[in-house]
2 protein chains.
Amino acid sequence: MKSRKKVTLKSIAAELGITHTSVSNAFNNPTKVSDKLRSKIFNYAKSVDYHGPNPAARSLRTGLYGAIGIIFNDQLSYAFSDPHDIEFLRGISSICEVEGTNIVLIPLKNSSVNDFEPLGAMVDGYILNAPYSNNPTTQRALARGLPTVVVDFDSPEHISVLTNDSIMMSEMTDYILSLGHRQIGIITFPIKEGRYDLCTLDRVLDRDNYVVSQRINGCKEAIGRSNIKMSSILIQETTNSEDGGAEAARHLLDLQPDITALICFSDRLAYGAMTECKRLGLAVPQRISVTGFDDILPQNLNSTLPALTTVRQEAYEKGRKAAEALLQKGKEQGQRINIEARIIKRGSTAKIGKL
Amino acid sequence: MKSRKKVTLKSIAAELGITHTSVSNAFNNPTKVSDKLRSKIFNYAKSVDYHGPNPAARSLRTGLYGAIGIIFNDQLSYAFSDPHDIEFLRGISSICEVEGTNIVLIPLKNSSVNDFEPLGAMVDGYILNAPYSNNPTTQRALARGLPTVVVDFDSPEHISVLTNDSIMMSEMTDYILSLGHRQIGIITFPIKEGRYDLCTLDRVLDRDNYVVSQRINGCKEAIGRSNIKMSSILIQETTNSEDGGAEAARHLLDLQPDITALICFSDRLAYGAMTECKRLGLAVPQRISVTGFDDILPQNLNSTLPALTTVRQEAYEKGRKAAEALLQKGKEQGQRINIEARIIKRGSTAKIGKL
DNA sequence: GCAAAAAAGTTTAACGTTAAACCAAAAATA
DNA sequence: TATTTTTGGTTTAACGTTAAACTTTTTTGC
């Protein structure tokens with residue numbers, strides 16, 4: 001087709017018989033150019049289909065990108081299936097859209113082929129969501145030294161946005177204990193990335209994730225105050241999905257059929273667990289209590305299942321706070337921003353029944 | 001702090017007494033550098049905290065960004081509240097994460113201050129989702145001449161991913177007519193961006209959106225085949241939200257209390273409308289039928305409302321196809337990719353009752 | 001052991017901007 | 001009117017890469 005020469009600030013300047021800096025100023029420093037020249041430049045720019053200064057060249061020069069990168073701890077397509085992550089993104093968006101900042105969603109590079117891959121790093125900073133500390137993408141982002149906010153992760157070198165997972169799970173466990181439950185199972189997403197094993201509360205496997213770690217600590221504390229042996233409490237790792245929850249519940253109940261309470265570390269897991277219990281003919285909450293975390297399910301998602309007792313955390317607010325902190329100039333590293341959470345008791349938990 | 005000098009390919013080369021091209025090759029063309037030198041470079045790079053070639057400089061040189069831009073027709077934070085848009089994004093992600101392509105979410109610039117703003121354009125192409133044709137961000141993206149896929153928008157100059165909105169709505173209207181309904185109201189998101197007016201099927205206001213346009217055409221066709229006067233059918237524009245649907249339903253029923261069917265152009269609108277009908281004491285579907293579009297609601301979202309008769313369209317598939325088309329090399333402009341849709345009849349529609 | 005081919009490395013130029021320092025003309029001040 | 005200030009514009013350099021063409025060294029084949 002019409003393969004006309006590439007249009008640049010320079011070519012425009014040449015054509016107009018002025019210096020390219022003036023053209024640049026027309027776009028970036030309106031005050032430094034007379035209105036007359038400016039509109040002359042704009043008119044010409046339009047006529048030759050110029051769409052503004054090349055962003056790469058501009059960024060190279062200024063060192064700014066006008067974008068922030070978001071890194072999740074799992075596949076992007078997973079994040080978009082998780083209401084928590086979506087709310088989190090909505091929170092981030094609510095800030096970025098008023099600032100005019102672009103949001104770059106960075107997929108995890110599964111293959112750490114080359115430690116120096118660009119990491120799609122045309123961003124001014126990162127938000128890391130509940131990262132697994134050994135993940136190569138995570139580590140690369142952290143190492144890069146850009147302004148970074150970590151969410152659900154504790155790092156003294158960065159601003160962190162945290163929920164008090166430990167206290168919430170301690171309270172939740174206390175609540176379960178107060179209902180008389182003694183045989184308890186725990187269902188969690190991986191304690192270490194990609195692992196799906198079984199352990200017990202006294203011997204927790206190698207950890208790689210702050211959130212899980214904290215939640216387990218909370219359970220431990222509460223159990224520690226009781227007369228229950230930690231070694232009797234099974235912890236099953238599984239994928240954070242409804243199917244994962246179902247599978248883990250099946251497995252735990254298989255190993256330890258007298259379990260009367262399943263503490264799940266997410267609503268999705270809990271929902272899967274409840275569904276599986278029902279399938280196994282175990283009534284929730286009469287025969288077995290189930291708890292979740294997040295409070296992201298529509299309350300009457302499935303009318304044949306009870307509403308879920310869970311911990312409500314404000315994912316939207318997390319996103320907002322994280323984005324605010326990142327875009328704010330006067331940020332201090334090491335700062336910790338706390339997001340409130342609270343236990344919501346609903347129908348999926350009850351006093352222990354007779355077996 | 002330790003304000004050591006910036007590390008670049010050049011500084012590394014200088015330090016190692018080699019040429020900077022070799023350092024570049026170590027990162028990009030492993031075959032062009034001996035293994036020995038390569039590991040020497042890598043070791044040194046690590047020791048001085050070098051994180052790989054500067055992405056802006058690289059992009060300036062190569063003209064590639066490794067990212068695609070997504071532009072929605074509304075605020076980003078809105079998109080993250082809409083299950084259709086989320087599924088769409090999930091579809092896009094599913095492709096990008098295997099390609100290692102970043103996804104740049106570009107907020108609409110509300111102020112068209114300067115026609116040449118960068119538009120956060122560090123992308124190799126755009127996906128535009130159901131754009132309003134007069135929107136400045138939309139127009140700017142289209143004008144830019146990058147590879148672009150438009151979704152739910154018809155453009156002979158681009159690849160378009162389309163659902164047959166017209167036929168689906170024609171069928172849906174036929175179905176409503178077949179149930180005996182004669183007084184029908186239509187509730188839609190804006191036919192023209194930002195407008196919330198009322199019109200009638202024979203005199204549709206100025207249009208700015210392909211999807212709405214097609215759906216209205218579909219209704220028109222079906223009504224045209226009946227003996228109903230188009231002028232008697234009211235169309236209410238409103239925000240695409242539950243509240244919008246409720247408000248529009250209230251308004252329409254206020255103007256025309258004998259309406260027995262509300263055709264809504266999204267599930268969210270339909271859900272709001274149903275809720276409002278219930279509030280007004282009008283039983284769905286006994287007194288009034290309601291239809292939606294998208295099929296994104298959990299079927300028993302609210303047990304006091306019937307399941308929604310709607311058009312199922314695969315937003316996830318739309319996203320996948322759009323991303324595939326954009327990233328694919330052998331793409332032809334003007335190509336149209338069709339996404340299947342189908343009517344799903346549920347409990348929110350019924351034969352007309354006696355008033 | 002020599003020519004040819006392959007591998008490893010170098011030199012040069014360019015990608016398209018913006019920032020800083022500078023200069024000339026016009027406008028404001030005394 | 002002479003002096004300062006402001007406005008509008010220019011010149012120069014640099015941002016950190018990669019691509020292309022070139023040179024040198026090593027390997028291969030006979």
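The contact between the chains takes 47 residues from chain B and 47 residues from chain A; two residues are in contact if their C-beta atoms, placed from the backbone, lie within 7 Å. This is a predicted model: local features need pLDDT of at least 70, side-chain atom pairs count only at pLDDT 80 or more, and totals for chains, interfaces and linings use all residues. Residues are numbered from 1 along each chain as its sequence is written, and chains are lettered from A in the order in which they are written.

On the side of chain B that touches chain A, these elements give two or more residues each. Helices (H or I, at least four residues) and strands (E, at least two) are DSSP runs, numbered from the N terminus.

| Element of chain B | Residues |
|---|---|
| α4(B) | 55-62 |
| α5(B) | 76-79 |
| α6(B) | 83-99 |
| β2(B) | 102-105 |

α6(B) gives the largest share, seven residues.

Within chain A, α1(A) (residues 9-16) packs on α2(A) (residues 20-28) at about 115°, with axes 8 Å apart. Axes are lines fitted to C-alpha atoms, for helices over the stretch in contact, and angles run from 0 to 180 degrees between N-to-C directions. That makes α1(A) roughly perpendicular to α2(A) (65 to 115 degrees). α1(A) contributes A:L9, A:K10, A:I12 and A:A13 to the contact, and α2(A) contributes A:H20, A:S22, A:V23 and A:S24.

In α2(A), A:V23, A:S24, A:A26 and A:F27 are buried (20 or more other C-beta atoms within 10 Å of the residue's own). They lie on the same side of α2(A), because they cover an arc of only 155° around the axis; the arc is that of the directions from the helix axis to the C-beta atoms. These buried residues pack against α1 and α3 (35-47) of chain A.

Notes: Parallel < 35°, antiparallel > 145°, perpendicular 65-115°, else oblique. Buried ≥ 20, exposed ≤ 12 C-beta atoms within 10 Å, placed from the backbone.
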